[in-house]
Structures are given as C-alpha cells and as structure tokens.
Amino acid sequence: MSDQSAAADVDVDLRQLFASLARNWLRILVITLLVTGLAFAFAWLATPHYKATTQLKIQLSESAYTRPAGTNEDDKPVLDAEGVATEVQVISSSDILKQVAADLKLGDKPEFNYALGMSPVTRLLVIAGLKSDPEEIPLEERVLTKMRDKLNVYGVEKTRVIAVEFSSEDPQLAADIPNAIAKAYLAYQADAKTKSNAAATAFLGPEIDDLQKQVRDAEAKVAAFRSAQSDLLMGGNNSVLATQQLSELSTELSRVRASRASAEATAERVRQALQNGGSLDAVPEVLSSDLIQRLRERQIELRTNIADLSTTLLDNHPRLRAMRSQLADLDGQIRNEAQKIMRGLLTQAQTAQARENQLISDVNKLKAASSRAGEEQVQLDALQREANVRRQQLESYMASFREVSSRKNYLPVDASVFSEARVPSEPYFPKLVPIVGAALVGSLLLMSVITLLQELFSGRAMRPAPGARFERIEQVAMSAMSAPVVHPEPAPEVVEVDDQPTTVESELVPEPEPAPSVLEGAAAADPEPQSEPERVRSSLGEIDVEKAAEKLIASGAARAIFVSPEGDEAAASAVLVAREVSDAGLRVLLLDLTASGAASRPMLDSGLFPGITNLLASEAQFSDVIHADLYSDCHVVPVGTADPVRAMRAADRLPIIMQSLTTAYDLVIVECGPADAQGISRLVGDSTEVFMSMLQADDEVAQAAVELIESGYPDLTLVTPIGHETPGNPVPGRRSAA
C-alpha cells in the first residue's frame, strides 16, 4: 500500500491530540509567563506618548450684514470632499509646519532634533561610518521629518471637519502644536485673502481710470456724429424723418393707384354697355346721376301713358306716335348722359395716373434719402453700443472697487476652530493592561497551536480509520514455473473449437496449488512456512515481463492488447510491461478496460479518477482522463466513474479513441481483463501485439489461448508477472475477475 492510500486511511485522534496540551503544560506556562513579563517590562519602561487633537470647521463665515450687495446665502460655493482634502494638504504643508516649528522653537528639543540626544553608541557608529551623521541633514529638515511622523491631519468622514492630531512625549507640546498649526492655517488663509484683495485693488484702479477715458471718447464720437449729419432728423416713433415720410408717401401712392384702377374699371364697364347696347342700370355710377334718374322717371311715365292710350287708340294715332317719339328722345338723352359720365371717369383716371407718377418720383427720392439715413443710423448705433459697453464695464469695475475698498479691514476666513486641543492627562501609549493582556493571550494561543502541530506532525495523534488495515504487506512468492515435465509419449489433447477438432501440444503439468496471500500479523497465518512451489512452463512459450517489454520495443508495435482470463491479479502483467517500456524512454499509455479497474488502481492508488467511461459518456475530455503513474513516467487512463451502461452505448467510438492515443504515444497498452476475440476486435489495429497474462498454467488459460489463436491471433504471446517486483505492483495470488 502506498503512502497516499495510507494517509487516506488514518484519522486524527482528538483525545490524544489535546492531551498533549496537558503533558506540555509546564512549557506552555513558562513561555507564556516569560512573554507576558517581557511585555510588562516593555510597557512599564517605554517612554509615554501623549496625543491631542484640534478640530477645524471648513465653511464660509460671511455675515449677512457684510455680504456683498446682490448676493444671498444660496450664492456661496459649497465645499465638496475634494475641497476638504485640499485643505488637509494645505494644513500639513511645509510652510505652515516651518512656521509652527519656528514659533515653538522645536529645533531646540531633542524629541524633534535627534542630533541633540545621540547616545555614545550612536556617536561611535557615526564615527565608524556605520550610520549616517544626522548633523549633515539641515536642522529644518530634521524637525519637519519628526513633525510629519507625529502629525496626522485628516478629514472627518461625511463632514466638513478637519482634525489635526499630534503626538508627543511632552503633553504640553501635544496640545500646543495642533493649536499652533490651526492658528497658522487661519493666518495663512487671512493673509491669502489680504493679498488677493490688494491685488484686486491694484488691478481695478488703473482699469477704472482707463475706462473713464474710453467712455468719454465714445460719447463724444456719438455727439459729433449726430451734429455733423443733419439728415438724421428724428420723427415720430423714434424713427428717422426720411423713413417716416417714405412710409407716408407709400401709403398715399397705394391709395391713388387704387382710385385710378377703380375709375378705369368703371369707365370700361360703361363703354362696353354703350357699345353693346346693353342696359345701363347695372352701372352704379350711371344710376347715381340725378339727370339720368329724372329721365328714367319721365321714360317710365311715357311708357305708362302709351300703355293706357293703346287700349282706346290705334297704333298710328298721332298722339301715340308723339309719345313714342318722346320716349325715343329720352333714351338718346340717357345714353348721351352715360357717355358724359364715362368721359368723366376717364378724366378722373388720367388725373389719378398723373398723381401716381408724381408720387412714384417722390418715393424714389425718399428711398435714396432713407438709404443714406439707414447707413448713417447704423454707424450711429455702433458708436452708441460701444459707448454703452464701456459705460457698463466702468460701472461694474467701480462697483467692485467700492466693495473691495469697503472690505479692506474685514476679511473673514473660510474656517474656524471649534474644538481646541487640551493638555492630555493620560498617555495613549503604552497601555499597560491591553499590552500585557494581548501578550498573555497571544503567547498562550501560539504555544498551544505549536504544541498541537508538533503532536500532529509527530504521528502520535494519528489512529487507523475504521476498517483500515495498516499491516505491512510482504511480497508473496508466486507459484514458480518450473521446466516442463515431459511424460512418456503423452497423447495430444483435442479441443473442440467451432465444431472443429484442434490439436494443441500443451505439456501442462497439473495445476499447482496457488500461493496464499500472507499479511504480516494475520491471525490465519500458518505456523510453519510453506515450501515454494515448483516453477512450471507451458509449451505455448510464456515469457516474463522483461522479455515482453523487449519484444514490444524491438517490434516497434503501436498497440499491445493484454487479455487476463484469470481475473484481476493477472492484470499486473500489463502494468509491469507498461512501466518497463516507459523506463526504456518511450511514451507509454495504459488503457484500463477491466470492470474493477484492477490495472489502473495500483498506478493511481484510487478508483475515483475520471477515465474511459467518462470519455465515452461525453462527461470529460482527453486531458481530464489521462493521469500520471505514481511510480513511473507512464500515463494511465483508468476505468472512470461514469455509468458503464451509458458508456458502452458509445463503444463504437473506441477505434477513434485508440487512433487518437496511438498518434500521441509511442505505445498504447490496453488491459482488457477476461475478454474474448470479439471483445478485443475494436482495439486491434496496425502494429498490434496480443498478449495473454498468466499466473497458473491451467486448463482455463489453455482454453482461452486456443480460442484467441483460432479467432485470428496466431501470434499470441503468454506473459507471466511472477518473479517481477515493482513498487505499487498489485500482489497476485487471488482471483477476483467477475
């Protein structure tokens, strides 16, 4: 049994493991007390350090009465997390720390100037060149280095509060330094605002003077342009007079054109009525004439009289003829009067045309004048805009200058101290009780763990797992095959194979008794050692493992098929041959096709690895099923853990798998167990050698050999693993084939 399988068959004895704590209690107690005493001495003799904290609130402190005009509370900027982080860097800047160090004279204190408190040993090391001389470093840099080591400036999370924390051996300094840093920071902010205010005043003064001059020049240009251009007379609605007149003339021109068009249209209708002999009653201008209306009334009266007289007089009566003559004269008078109206309308249209021509001439003149006035107005507007812009800029600068001047003596900073550091009464380091308690618990725990690990690694806390066997296994001598015993003229044995008699010359001695598996310390062991059985040899010509490996190497075979009719123990031949060929330098893979995994288990010490059944069931790939032999360079594909029934449904894939394996390896050895010729037919290919593993020369082996020979494998070779010893080799002697 290998070390790995043995390790899997042991359990930890917790009782024995924790009993080691009681056995080694004195050592644990002594070391714990020693470490605790050292921690107590360190805490008692260590120099105490004190810590104090000053807190600043970052916010705008502008008063409602001093706030600039036109601003309110919502106009002030909100300081975000980045702004607070920036102020943290400003507080811990070198300029502020230098100022505080100079004010408090920290360079004269050995705590900050480590060149003052050097021990004689340190001085000797400096003289010997084993340590750098602190006096070579500038005093200011030494002090700043110490201050930064003891200073901690940070922003309180989710607030606009900055904490300035400082630790020192002197409790008074622990409080004075953060307070001094806070004051220096506030003074820095005030000084920065003062400088900014002075810079603004120095900038606005000359700019205002220059702008005043520019405004005067611009306004003078506007006045000069207006006085020099007389055409820019302003009319109603704040517009140029020429433009206003043009608008009025355009309106009059439109009215005259409409009147002319109306007169011409009316005259045309009257002319058409006169030419076509139509009625003039449809023309409103004709009907509106008083004379024509009176003539129409007389015409109606005559027609009425003619109608009355026609009832009593004949048509040729003089009176009727006179009345008809008068009626005709009335029609002529009406047409003459209509012609007069037409001529009047034509005269009116001609008058409107003349007025229209005059208005067009006037409009053209005003267009030119308005165009010139527009260009001049554009120039005037440009000058006016420039003057307005200068004036607005001047007013803005003057307002800012007045605000800056008024706030010369009032410059509120954007931070305030709301919690000053106080002189601490107790040191923050060392804390005697926590240090001693941590040392006690830590050392006790550490010693307990060390003791348990020692007990565990020594093996004293290990016990056999239930059902495990740890007896040392001895190599059992197999039944040795002796030289063939020749009986006088033995009759050949006739075996019926496929209903045909076949004679096999097998001078096999009677089957010797198999050597029993002997376990060291077994209760059933014989009191007296048994004598080693005689070695027998079959006339079929069995060879040992070395000869089988030599045959495979010499023949250059790509595949080797092993059949083991005797069961699992005979499968050792395939394992041993694979290892021998692998040791010779060839790339060898053993494929285990036995039902119980008898060939791969001694090579892997476990039957739980994925193998050929997983590959056939499409549950794994080639890289998942190929494993390394624990005792050689050979590779092995075990039986696997998949369902065998499901895997055998894909048995047709075996030739493809074998072809892939023979391409990747120099030799593929297949252990088939007690298989027949039909079972190994899928595995045989080009350059294939067929072997039969044999432990005992009995009839079963002979019958299996005959069947294989008769089935087309005449070059069958018998191999026996007896007498060959290899680490991890299964011990033959028990038949366990199904």
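**Ground rules.** I count two strands as paired if DSSP finds at least two bridges between them. Helices (H or I, at least four residues) and strands (E, at least two) are DSSP runs, numbered from the N terminus. I am working with a predicted model, where local features need pLDDT of at least 70, side-chain atom pairs count only at pLDDT 80 or more, and totals for chains, interfaces and linings use all residues. Residues are numbered from 1 along each chain as its sequence is written, and side-chain values use heavy atoms, with hydrogens and water left out.

**Whole chain.** I looked up the secondary structure and found 21 helices and 15 strands. The protein chain has 738 residues, and 36% of them count as buried; buried means under 20% relative accessible area, exposed over 50%, and partly exposed in between (1.4 Å probe, protein chains only). I then checked contacts, meaning heavy atoms within 4.5 Å. Of those between residues at least 6 apart in sequence, 81% join residues at least 24 apart. The accessible surface is about 42900 Å², with 54% of it belonging to carbon and sulfur atoms; areas come from the Shrake-Rupley method with a 1.4 Å probe, and for residues only the protein chains shown count as cover.

**Four-stranded sheet.** I traced an open sheet in the order S3-S4-S2-S5, with antiparallel pairing. Strand S3 (151-155) and strand S5 (415-419) each have a single partner strand, so they form the edges and one side of each lacks a neighbour in the sheet. On average, neighbouring strands here are turned by 25 degrees against each other, direction ignored. Angles otherwise run from 0 to 180 degrees between N-to-C directions, with axes as lines fitted to C-alpha atoms, for helices over the stretch in contact.

**Strand S4.** Which strands does S4 bridge to? I found five bridges joining S3 to S4 (residues 161-168) and eight joining strand S2 (residues 50-58) to S4.

**Asp-191.** I found this residue in helix H8 (residues 171-228). Its relative accessibility is 37%, so Asp-191 counts as partly exposed. Asp-191 and Val-413 are 222 residues apart in sequence, yet their C-alpha atoms are 9.4 Å apart in space.

Strand S10 (residues 588-592) and strand S12 (residues 635-637) run parallel and are joined by three bridges; His-635 in S12 is the bridge partner of Leu-589.

How buried is H15? Ten of its twelve residues are buried, so H15 is largely enclosed by the rest of the structure. Among the buried ones are Val-575, Leu-576, Val-577 and Arg-579. H15 (residues 572-583) reaches 16 Å from its first C-alpha to its last, close to the 16 Å expected at 1.5 Å a residue; the expected span is 1.5 Å times one less than the number of residues. Just after H15, Gly-585 takes a positive phi of about 105 degrees.

**Thr-594.** My last stop was the loop between S10 and helix H16 (601-604), where Thr-594 sits. Thr-594 has 6% relative accessibility and so counts as buried. A polar atom of its side chain lies 3.1 Å from the backbone nitrogen of Gly-597, and a polar atom of the Thr-594 side chain lies 3.2 Å from the backbone nitrogen of Ala-598. Leaving out residues up to four places away in sequence, Thr-594 touches Ala-599, Val-639, Glu-671, Cys-672 and Gly-673.

Technical notes: Polar contact = N/O pair within 3.5 Å; in protein donor to acceptor, adjacent residues only side chain to side chain.
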